[in-house]
Amino acid sequence: MRLIGPGVIRQRDLAHRKVTRLGSAIRLEGINHWYGSGRTHVQALCDIALDIPAGGYVALTGPSGAGKSTLLSLVGGLERPQSGRLRVGDQDLARLDSDRLAAYRRTTVGFVFQHFGLLDLLSARENIELAESLSAIPAKLRRAHADELLSEVGLTDRAHHRPGELSGGERQRVAIARALVNDPGLILADEPTGNLDAGSAMRILDLLESVHVERGCTLVVVTHNEAVAQRADRRYRMEAGRVLP
């Protein structure tokens, strides 16, 4: 994969790339979600309606507590909305049982988090192989596949390094490689640059955008950083559990 400079990659570039498929389309209709009950009842999302096209690149912005991460959690199948319809591709996540929701996460979604989520006692390669053990990749192919992913994110020479021996940007690259294990149609990145300096942050965005274009996947990024949001094709601001017009 060739890393491309800031701001160069956009959705229109997909027409000029050899991608095997466009990523998953997302449609939310009347989505409501809350936590707790009674006096501790907190409305996290209020009547959300949102469409993200297949292969789209979207940024969600807004203050802490606006509902951005909750929305990402629902789209990622980590939680089920209390009301409304949430379709990703041809699946209505609100109607999937626990087993089918788990299968959706394994086959469709790649997650990238602010705090990397790597296991400190495992090497970069082993962290990826652990994710592969939860996928359909045969055991005998996992090491070679992990090495291919490390090469794709530019970390071939860091395969045997543990997270504590890597920079923040390198750890996030490993996390992105791990997210690609199941060749997802959808990548959800929750503050992927939040723990990085400005230079590393832009390089991680370059990588995510390259993955988005080269693989044709849908990319949704949650961020507080307006410079990060400006690089997306579409930007939505959330406040008090709502997506603003």
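Buried means under 20% relative accessible area, exposed means over 50%, and partly exposed lies in between, using a 1.4 Å probe and protein chains only. By that scale, F113 is partly exposed, at 36% relative accessibility. This is a predicted model, where local features need pLDDT of at least 70, side-chain atom pairs count only at pLDDT 80 or more, and totals for chains, interfaces and linings use all residues. Residues are numbered from 1 along each chain as its sequence is written, and side-chain values use heavy atoms, leaving out hydrogens and water.

**Aromatic pair**
- The count is 1 aromatic pair (ring centres of Phe, Tyr or Trp, with its six-membered ring, within 6.5 Å).
- The rings of F111 and F113 have centres 5.8 Å apart and planes at 5 degrees, so they are stacked (planes under 30 degrees apart; over 60 is edge-to-face and the rest tilted).
- F111 is buried, with a relative accessible area of 17%.

**Helices α5 and α6**
- Helix α5 covers residues 168–179 and helix α6 covers residues 198–215 (helices are DSSP runs of H or I, at least four residues).
- Their axes lie 10 Å apart, at an angle of about 20 degrees (axes are lines fitted to C-alpha atoms over the stretch in contact, and angles run from 0 to 180 degrees between N-to-C directions).
- α5 and α6 are therefore roughly parallel (under 35 degrees; over 145 is roughly antiparallel, 65 to 115 roughly perpendicular, the rest oblique).
- G169, Q172, R173 and I176 in α5 meet S200, R203, I204, L207 and L208 in α6 (contact means heavy atoms within 4.5 Å).

**Residue S73**
- S73 sits in helix α1, residues 68–75.
- S73 is buried, at 11% relative accessibility.
- Leaving aside residues up to four places away in sequence, S73 touches L78 and E79.

Technical notes: Helices (H or I, at least four residues) and strands (E, at least two) are DSSP runs, numbered from the N terminus.
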